[in-house]
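Biologist: Please show me the model, and then let us discuss how its elements are arranged.

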Amino acid sequence: MNIIFMGTPEFAAYSLKELVMSSHRVLAVVTVPDKPAGRGLKIQMSAVKQLALTYNLPVLQPDKLNDPAFINELHSYRADMFVVIAFKKLPQAVWSIPSKGTINLHASLLPQYRGAAPINWAIINGEKITGVTIFYINNEIDAGDIVSYREVVIPERCTAGKLHNLLMIKGSKLLLKTLDDIEKGEIEKIEQTAFLIN
């Protein structure tokens, strides 16, 4: 499939690298604008942009995601699907563009730990099991229909950093399998309410 990838940190960059090496084609990458960071306030690129440049992928860095010029540029790629990992909340004018929809990889077993810092919250709350979830984006945050998920046992005395790396790897593998299944039409959407504990 032809894909536009959207993400920012290392967690997203790892999946981008795996995606570039797969049978799918990354047409372009969307990430945050470069910004000053560190003591010297030197301009820093996101981990996703740094990786994209090594593969000579076009990089889009809009200041506003609802900018008509940015939306027109996205349309021009005619991507089958958008893949989003650790990025901003997308407006409907963006996530509704691709013919096969827009999916997001999230580092928890949704609907648990929606929003920011799901890995940290799993550690803070002493969870024994967490995981990764891939779902279709809609207008609510992390609330769309689930396509696939994988449970991951949290090792004893696990730090947020170690869990981050574990979920980063598991998530990338799940993403590639899910994209293959979507391409073959072998998926079933599950509403998140099906996972709520009464």
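Modeller: Four bridges join strand 6 (residues 81-85) to strand 7 (residues 102-106), and the two run parallel. Strands here are DSSP runs of type E with at least two residues, and helices are runs of H or I with at least four, each numbered from the N terminus. This is a predicted model, in which local features need pLDDT of at least 70 and side-chain atom pairs count only at pLDDT 80 or more, while totals for chains, interfaces and linings use all residues. Residues are numbered from 1 along each chain as its sequence is written, and side-chain values use heavy atoms, with hydrogens and water left out.

Biologist: Which residue in strand 7 does Val 83 stand opposite?

Modeller: Strand 6 and strand 7 are joined by four bridges; strands count as paired if DSSP finds at least two bridges between them. In strand 7, the residue opposite Val 83 is Ile 103.

Biologist: Which strands stand at the edges of the sheet?

Modeller: Seven strands form an open sheet of mixed pairing, in the order 5-2-1-6-7-8-9. Each edge strand has a single partner strand, so one side of each is left without a neighbour in the sheet; the edges are strand 5 (59-60) and strand 9 (146-153).

Biologist: At what angle do the axes of helix 1 and helix 6 cross?

Modeller: Axes are lines fitted to C-alpha atoms, for helices over the stretch in contact, and angles run from 0 to 180 degrees between N-to-C directions. Helix 1 (residues 10-20) and helix 6 (residues 160-184) have axes that come within 9 Å. The two helices are oblique to each other, a class left after under 35 degrees (roughly parallel), over 145 (roughly antiparallel) and 65 to 115 (roughly perpendicular). Their axes cross at roughly 40°.

Biologist: How is helix 1 oriented to helix 2?

Modeller: The axes of helix 1 and helix 2 (residues 47-54) are 8 Å apart, at an angle of about 25°. That makes helix 1, relative to helix 2, roughly parallel.

Biologist: Which residues form an aromatic pair?

Modeller: A search of the whole structure finds one aromatic pair, where rings of Phe, Tyr and Trp (its six-membered ring) pair if their centres lie within 6.5 Å, with planes under 30 degrees apart stacked, over 60 edge-to-face and the rest tilted. The pair is edge-to-face, at 5.3 Å centre to centre with 85° between the planes. One partner lies in strand 9 and the other in the segment after helix 6, so the pair ties together parts that are 46 residues apart in sequence. The residues are Tyr 149 and Phe 195.
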